[in-house]
Amino acid sequence: MKNKEFWASLIGAVAIAFVIAIWVPGEPDKKVVHAIEYGGLIITFLMGFMILTAIASGKIDISRILEEKSAAGGTGSASMSRFQLLIFTFVIALSLFLIVVNTGKFPDKIPPEVLTLLGISATTYAVSKGIQAGSDQNQTRHEPPGNGGGDRPPPRG
Amino acid sequence: MTRLVCLAATIVFGGLFATIAWKILTREISLDGILWVKRQSLSGSDTSFSPTRVQLMATTLITATYYLSQVVHDPTRFPSVPTSWLLGLGASHGIYLGGKAESAFSSIQNATRRRRKNEK
């Protein structure tokens with residue numbers, strides 16, 4: 001019983017499935033389908049909600065999601081490549097969500113422009129990460145001993 | 001059932017977007033130094049304002065706003081993105097990466113010079 005929320009969602013889903021199976025009128029085969037559908041929906045929703053509340057409460061820490069590690073391995077400044085990848089991921093996800101909600105079905109095909117947009121964004125992040133890693137490695141190698149990499153985060157604010 | 005699925009998805013996805021936006025606005029997710037570049041100079045490490053980051057930030061926000069406005073206007077299909085927009089975005093990212101590579105290269109050069117100077 002380590003994770004109370006998980007067990008609560010599981011018991012809730014099973015309870016709803018039982019309620020549909022016993023008290024809801026209708027043909028048995030349709031009732032089974034409905035019970036599975038609603039049970040699945042409840043489990044998926046509560047799992048998503050649990051993750052969301054954990055992020056909101058700080059139990060899942062995402063405060064460094066935009067930060068680039070410094071050469072010395074400490075906290076660095078915010079990364080522009082991570083930020084733009086986050087923005088484009090959200091924009092495409094939100095667009096897909098709006099389309100599915102409005103049409104009631106998944107789009108037949110994802111246009112190549114969308115994939116290009118995400119591709120440009122993700123490639124920039126990967127290349128930026130490569131440049132940063134190469135630069136950090138070289139700077140650490142050339143840094144005089146005892147300087148700790150000479151790496152300080154930029155001024156805040 | 002479809003309405004219930006939409007409601008559940010709206011709560012979870014809307015909540016996720018709102019949580020991340022809230023954390024960025026309250027500075028729990030820090031954006032400090034996002035427009036600044038750090039270089040190794042001959043005297044040590046210094047930070048300076050980066051125009052390449054500013055142009056990437058502007059391009060990203062403009063493209064994202066344009067795309068979202070198109071989707072909100074017609075939420076039945078993915079909007080078509082003009083090739084010129086994609087080229088512009090690609091060029092902007094290229095400029096950013098070029099600036100970053102130049103900064104990294106000059107940092108390595110300065111670090112090497114500093115080390116040689118110290119060895120002498």
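This is a predicted model: local features need pLDDT of at least 70, side-chain atom pairs count only at pLDDT 80 or more; totals for chains, interfaces and linings use all residues.

Modeller: Residues are numbered from 1 along each chain as its sequence is written, chains are lettered from A and ligands numbered from 1 in the order in which they are written, and side-chain values use heavy atoms, with hydrogens and water left out.

Biologist: What does the secondary structure of chain A come to?

Modeller: Helices (H or I, at least four residues) and strands (E, at least two) are DSSP runs, numbered from the N terminus. Chain A has four helices and zero strands, in the pattern α-α-α-α along the sequence. Of its 157 residues, 34% are buried; buried means under 20% relative accessible area, exposed over 50%, and partly exposed in between (1.4 Å probe, protein chains only).

Biologist: Which residues have the most contacts inside the largest nonpolar core?

Modeller: In soluble globular proteins, nonpolar side chains tend to be buried together. A nonpolar core is a set of buried Ala, Val, Leu, Ile, Met, Phe, Trp, Tyr and Cys residues joined through side-chain atoms within 4.5 Å. Here the largest one has 32 residues, and those with the most contacts inside it are A:M80, A:F83, A:L117 and B:Y67. Two or more residues each come from α3 (80-103) and α4 (112-142) of chain A, and from α1 (2-25), α2 (51-73) and α3 (83-119) of chain B. The largest share, eight residues, belongs to α3(A).

Biologist: Which residues does A:M80 touch?

Modeller: Contact means heavy atoms within 4.5 Å. Not counting residues up to four places away in sequence, A:M80 touches B:I34, B:R53, B:L56, B:M57 and B:Y96.

Biologist: At what angle do α3(A) and α3(B) pack?

Modeller: Axes are lines fitted to C-alpha atoms, for helices over the stretch in contact, and angles run from 0 to 180 degrees between N-to-C directions. The angle between α3(A) and α3(B) is about 160°, with their axes 12 Å apart. The contact is made by A:M80, A:S81, A:Q84 and A:F88 of α3(A) with B:L89, B:H93 and B:Y96 of α3(B).

Biologist: How do α2(B) and α3(B) cross?

Modeller: Their axes come within 9 Å and cross at roughly 155°, so α2(B) and α3(B) are roughly antiparallel to each other. Among the α2(B) residues in this contact is B:T63.

Biologist: Is B:T63 buried or exposed?

Modeller: B:T63 is buried, with a relative accessible area of 5%. Not counting residues up to four places away in sequence, B:T63 touches A:F88, A:L117, B:W85 and B:L89.

Biologist: What is the phi of B:R27?

Modeller: Most residues other than glycine have a negative phi. B:R27 is not a glycine, yet its phi is positive, about 65°. B:R27 lies in the loop between α1 and β1 (36-41) of chain B and is exposed, with a relative accessible area of 53%.

Biologist: Where does A:V100 lie?

Modeller: A:V100 is in helix α3 of chain A and counts as partly exposed at 29% relative accessibility. Not counting residues up to four places away in sequence, A:V100 touches A:K105, A:F106 and A:P107.

Key. Angles under 35 degrees count as roughly parallel, over 145 as roughly antiparallel, 65 to 115 as roughly perpendicular and the rest as oblique.
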